[in-house]
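Please keep the sequence and the 3D view at hand.

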Amino acid sequence: MAQPQGPLETRSPWPRIGWGVTILLAVASFALGFLVVSRPQQGGSTFGVWAAICRGLGVTSDTGAALELQPAVSVPSKIAWTSATLKAIGEGDVHNGETVALICAACHGKSGVSGSALYPTLAGMEAVTIYKQLDDFRSGKRSNGVMNAIATAITVQSAADVAAYFSSRSNGMPPPHGDPLQGGHSFREGNGAIRLVFAGDPARGIPPCTACHGPSEIKLGAPRLTGQQPAYIERQLAAFAQGLRRNDINEQMRTVASQLTATEMHEVAEVYGTGLSAHATEAGSAAAGLESSDVQR
Amino acid sequence: MPLKAHLEGCAVNGSRKLALYHYWVAFGLFLPAVVLGTWQMLMRSPLPAPFDDPDAYYASVTLHGSVMAYVLTTFFAMGFGYAIAATSLGRPIRGANAAWIGFAICLLGTLMVAAAIVSGHASVLYTFYPPLLASVWYYGGAFLLIGGSMIWVVLMIMNMTAWKRDNPGKPVPLPMFAITATAFLWAWAASGVLIELAGILLPRTLGWSDLIDASLARTLFSVTLHAIVYFWLMPAYIAFYTLVPQAAGGRLYSDTMGRLTFIMFLVFSLPVGLHHLLADPEHGSGFKFVQSALTFLVVLPTLLTVFSLTSSLEIAGRLRGGRGLLGWIPKLPWQEPMVLAVALSLVMLGLGGFGGIINMSYAMNAMIHNTAWVTAHFHLIFGGAVVIMYFAVAYEMWPRITGRPLVSKALARSQLWLWFIGMLVTTIPWHIAGLMGQPRRVAIFDYSLPLMKPIAPWVVLSVIGGIILLISAIMLITILVRSHFGERVLEQPLRYALAVNPPQRVPESLNSFGLWNAIVAVLMITSYGYPIGQFFFLKDHSVPAVQVTPQSPTRAQ
């Protein structure tokens, strides 16, 4: 004979089963829905528990305690000019570096003088500059398939050694005091390219190239440019202007290069690469370059 | 006492007439709705269609949906319920007068709905999502139709309770237990749409309010929208458990499994409707997931039923001399429409069920949301698996109600086969078109567009299926009408399948609904309390309504 039972009667197994299963299912689905499914967000980050519950309820993030998406820390270079860095570069061994430089010879030329417009001359370049570029290639801050692979393959010590070796070579770039490009040119210089190199363009906020790249002054980490492959210089200017190269620590090259016209880039590279004399007679074309920079402004 | 016998005879006769009238409204409107459905398929296909008019298309979709989803199902379930109450309890229905009043109210509601749609002032589709606004006649009619069926709900519960009082300690017969579960399920389900109609839509159409809280309305409708599907399904499942084993000449594998199945449908079909709103912004991911997860649980009673049903059929096949692992299958009486229908129904239930798991899945729904895939799914499950059982039940009951034999079992079998083939030819291409991105509820497609071009052949194929379905529907009505005018023969009482172990005593929990309704109430408060409650203290989604007129939708004044 069936016993009369209320919904909470527990003598028959069915109320126990019914309530037990219901509570189990409810707890499980709520836990999954509010603590698991609601947590992940786009970009791999997750909400905290309270924020996930708010999201599960459909309370929007501006009223709930949602975590803000934090941008990843991004730096143009991993090099910082600390005394430790400079000490490490200073300890580079020229003799070892000569052995390491055998790797470089195929492209950068025997003993670091490049015979190709594609590759820069390294002989005579400052050790800190070479060391920084190798470090940027190693950390992926500067992009070049071959150089990324080589910089990753050699040790940090080898990088310091090879930098010391190339800087000690005198057959490539001229030493500071023997530079054929000499200062003394002013804003009244008729040739636009030469004016840019020696005086800059204050109206566009462009400082003179020589302030960092010689001959008058070499800033820490900046490469000497006199005698460098002009096509290489021009290509680097274009890369900075388009943001393809981003390892200038204070964005100074990206700021300057993005304001230059294609003609200006070409002529500035020619001034550094082939020397002042080649340009003294081409005032006309440089003036045209200046005009186009006016238009750009 | 001849007088008492005569009165009882009249009363039983009355119960029969009640069932017959309900069935006739259901099937009488079914045929024109199929005609509309076929025309709609032609209209949205690359083929030329008569009355090529988008306004007519949306009116037609509304009428087709309203008739199939509300009228056919509600009237069929009510008629089936009255027939079951009278035959399974073996006594006339208590409250027959109230039943006739309910019938009249529902019929009045149906006529109001139909008139409003035909006049072109209610092309809001059968889900009538605000801010689309139909005429007051449509909402009023829907309220009468659904509200009127609550009389049936009360009568089913009353008849079961009265029988239990008169037969203390005895188990309620499974058919009666199941139809009462259906009645409770429908009461819970209908609460959502009734509150939406009475609280939001009717006040707006009567001019008592200016704005419509569309999100609240959608959420309330979701309470109804999924459980209603199980309300449609339940008569088919009742036939699976109580009529199919009998028709196959066997016994029901387990009475307890039957009770558990209907209890689980009552519990698990209700707190799940948010899975229709997975793309809606007004609900958070948490409750969407919770209801999505609960939706998966209807797999349990479904698989239990497939197991029970197959076991019962195996018992029948072996009783008829079937041997070996599968040898019982050919021994089944396939000439019986009921046995054929259950096999065809299970195939469609299986295919449609797998599609449904994708619809209800929080992760996968986005692929097919609002595409032809969804239309394909519910046509396969409801229009296929469920409605084919409605046909079989009609073929089974018609002779018992009218006292006239079925005109031809062979014709009935062909009709079932055609319906099955037509439904597959219609819905399989729809599934594919949906995956290819064809949206549902769109009147006109430009099939010359590169994205639409590859879909066109599938749509044409589905039109062929639609024509097959139309032929089958015409055959159904022909069979039923012709059976009405046959020669009256000796009546055969409707018999329900006996269980292998007929229940002598069952635990009270499996013989009543108090416990299960308490569980449903707790589940509903847990899963719908916040999603509905938030609109009253957190969010306001009231917007101006868009009045539907025959020309074009314009902003209501």
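Predicted model: local features only at pLDDT ≥ 70, side-chain atom pairs only at ≥ 80, totals over all residues.

Residues are numbered from 1 along each chain as its sequence is written, chains are lettered from A in the order in which they are written, and side-chain values use heavy atoms, without hydrogens and water.

**Interface of chain B and chain A**

- Chain B brings 33 residues into contact with 25 residues of chain A (heavy atoms within 4.5 Å).
- The buried area is about 2,300 Å², with 76% from carbon and sulfur atoms (accessible area, 1.4 Å probe, lost on being put together, summed over both parts).
- Phe289(B), Glu508(B) and Leu515(B) supply 20% of the area that chain B buries against chain A, more than any other three residues.

**Cavities**

- The count comes to two cavities of 30 Å³ or more (sets of points on a 1 Å grid over the protein atoms alone where a 1.4 Å probe fits but cannot get out).
- The largest cavity holds about 610 Å³ of space (the space filled by probe spheres set on the points, which are joined across faces, edges and corners).
- Its lining has 31 residues, and His64(B), Thr375(B), Phe378(B), His379(B) and Trp430(B) lie nearest the centre (lining residues have an atom within 4 Å of a point).

Note on methods: Buried area = accessible area lost by both parts, 1.4 Å probe. 1 Å grid on protein atoms, 1.4 Å probe; cavity = no way out; pocket = protein on both sides within 12 Å on 5 of 7 lines; lining within 4 Å.
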